[in-house]
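Dear colleague,

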Amino acid sequence: MVKTRSSFLVFLALGVFGIITTEMGIIGVLPQVSQQFDITPSQAGYLVSVFALIVAVSGPFLTLLASGLNRKAVLLAAILMFAISNMVYAYTTEFAAMLAFRIIPALFHPLFFSIAFAAAASLVPPERSGRAVTQVMAGITVGFAFGVPITSYLAAKISLSAAFLFGAIVSLAAFIGIVVRLPSMPVKERMTFGKQLGLLRKPQLWLTILIVATVFTAMSSVYSYFAEYLGEVTHMNGTWISLMLMVFGVTMIAGNFLFGFFANANMTRTVILFPLIYAAVYLFAYYWGSSFWPMAVIVFVWGAVHSGGLILSQALLMTDAREAPEFGNSLFVSFSNIGITAGTSIGGWFMAQLGAHRFIWSGIILLWLAFLLIMLKVATSKSLVGRYDRTGEDNGYS
């Protein structure tokens with residue numbers, strides 16, 4: 001019975017995979033977009049920055065507005081919009097149309113993520129909720145590992161249209177799977193806007209939000225310039241850099257489940273150790289970055305540790321937002337995107353000031369800041385201890 005009901009997790013993860021492929025895959029095909037529409041690279045970059053900005057700003061508010069709707073219907077509408085948008089990308093001859101269809105799915109992005117995580121946790125037995133959310137979040141890491149490289153490969157070897165049609169096909173497959181496998185999820189008792197917004201009156205929630213934003217800022221400040229670091233410092237060519245990106249993504253998949261296991265065993269210890277472990281990875285990358293094979297090994301570990309930021313940040317935030325899990329997940333999506341945007345800017349500033357090698361200290365400094373914030377939370381809150389669980393209910397946190 002549990003196995004049958006849990007089959008929907010595959011399609012929720014596939015939906016997440018399709019969204020990540022659409023969101024991040026555009027980065028690898030921006031040169032082809034610039035050429036096709038005869039625009040500058042900076043203009044093409046609006047396709048990335050506008051998407052992230054819309055997700056960061058609109059997420060919590062749209063999740064509130066959709067809180068009374070059938071969850072299955074919202075998931076289907078969201079993933080269908082990503083399929084339609086990819087088809088527009090594939091066939092439009094107007095850059096303005098492409099930009100518009102980056103804005104529209106960005107509005108649905110936080111809705112799908114927040115509801116998918118909550119649905120994964122609520123439709124399985126309580127003891128499996130953490131594992132269920134980890135399985136759905138695996139769609140993120142698989143998207144980075146395979147969705148983004150496949151999109152880039154199809155654009156280079158076949159056509160830009162083929163790259164976007166791949167995203168459309170994935171989203172349509174997720175749509176069909178959710179139609180067939182996910183049960184209807186009407187809202188039996190709608191939580192008032194006031195009660196959901198009441199979460200924002202909790203000081204501990206804001207401390208957690210600050211931790212989440214800082215962790216994502218620390219990760220993106222270095223990862224955003226991953227390829228440039230390997231090229232300028234490690235002196236890898238384009239082929240090796242592509243391979244390292246693939247290795248990074250694949251080990252992210254393993255790290256996704258590894259950190260889920262560690263968090264289930266001891267949430268507090270795992271959260272405390274995470275920024276220290278990540279800072280150690282950055283230090284190894286700094287001191288061994290100019291050595292080819294040691295750096296290849298570091299990338300292998302780096303990918304696994306990187307995924308821990310996603311898993312632990314979401315779990316930590318949901319601990320404080322258990323009363324309104326969907327709204328809490330939307331806060332996670334919003335502030336993680338704010339962190340990514342800030343991290344890219346900070347890392348770029350450090351690189352301009354210190355160069356391609358020493359800019360990695362931006363990530364180390366930010367991780368130490370995250371560690372201090374985590375220790376402050378541990379010292380002032382009891383909600384960090386207990387079994388790893390993301391149902392939005394109080395199951396062992398006390």
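This is a predicted model: local features need pLDDT of at least 70, side-chain atom pairs count only at pLDDT 80 or more; totals for chains, interfaces and linings use all residues.

Residues are numbered from 1 along each chain as its sequence is written, and side-chain values use heavy atoms, with hydrogens and water left out.

**Pocket and cavities**

Rolling a probe the size of a water molecule over the atoms shows where empty space is left. The search ran on a 1 Å grid over the protein atoms alone: a cavity is a set of points where a 1.4 Å probe fits but cannot get out, a pocket is an open set with protein on both sides within 12 Å along at least five of seven lines, and lining residues have an atom within 4 Å of a point. Grid points are joined across faces, edges and corners, and a volume is the space filled by probe spheres set on the points.

The largest pocket has a volume of about 1,500 Å³. It is lined by 45 residues, and those closest to its centre are Met24, Ile27, Phe144, Tyr223 and Ser224. By class, the lining of this largest pocket holds 28 nonpolar, 15 polar and two charged residues, where Ala, Val, Leu, Ile, Met, Phe, Trp, Tyr, Cys and Pro count as nonpolar, Asp, Glu, Lys and Arg as charged, and the others, Gly among them, as polar. Helix H16 (residues 325-358) gives the most to the lining of the largest pocket, with eight residues; helices here are DSSP runs (H or I, at least four residues), numbered from the N terminus.

By the same rule there are two cavities of 30 Å³ or more. The largest cavity holds about 70 Å³ of space, and the residues that line it include Ile211, Val215, Phe274, Leu312 and Ile374. Helix H11 (203-223), helix H14 (267-288) and helix H15 (292-320) each supply at least two residues of that lining, and H15 gives the most, with five residues. The lining of the largest cavity divides into eight nonpolar, three polar and no charged residues.

The second largest cavity has about 40 Å³ of space. Helix H2 (8-25), helix H6 (71-91) and helix H9 (160-181) are the elements that give two or more residues to its lining. Among the residues lining this second largest cavity are Thr21, Asn86, Tyr89 and Phe164, and by class the lining has four nonpolar, six polar and no charged residues.

For H13, the 28 residues should span 40 Å at 1.5 Å a residue, and its end C-alpha atoms are 40 Å apart, which agrees. Its buried residues (buried means under 20% relative accessible area, exposed over 50%, partly exposed in between, with a 1.4 Å probe and protein chains only) include Ile241, Phe248, Met252 and Phe259. These buried residues of H13 pack against helix H8 (129-157), H11, H12, H14 and H15.

**Single residues**

Valine 247 is found in helix H13 and touches Val299 and Phe300, not counting residues up to four places away in sequence; contact means heavy atoms within 4.5 Å.

Alanine 218 lies in helix H11 and is buried, with a relative accessible area of 0%. Leaving aside neighbours within four places in sequence, alanine 218 is in contact with Tyr282, Gly363, Leu366 and Leu367.

Aspartate 38 has a positive phi of about 55 degrees although it is not a glycine. Aspartate 38 sits in the loop between helix H3 (30-37) and helix H4 (41-44) and is exposed, with a relative accessible area of 70%.

Histidine 235, also not a glycine, has a positive phi of about 60 degrees. Histidine 235 is in the loop between helix H12 (226-232) and helix H13 (238-265), and is exposed, with a relative accessible area of 59%.

With best wishes

Methods: The expected span of a helix is 1.5 Å times one less than its number of residues.
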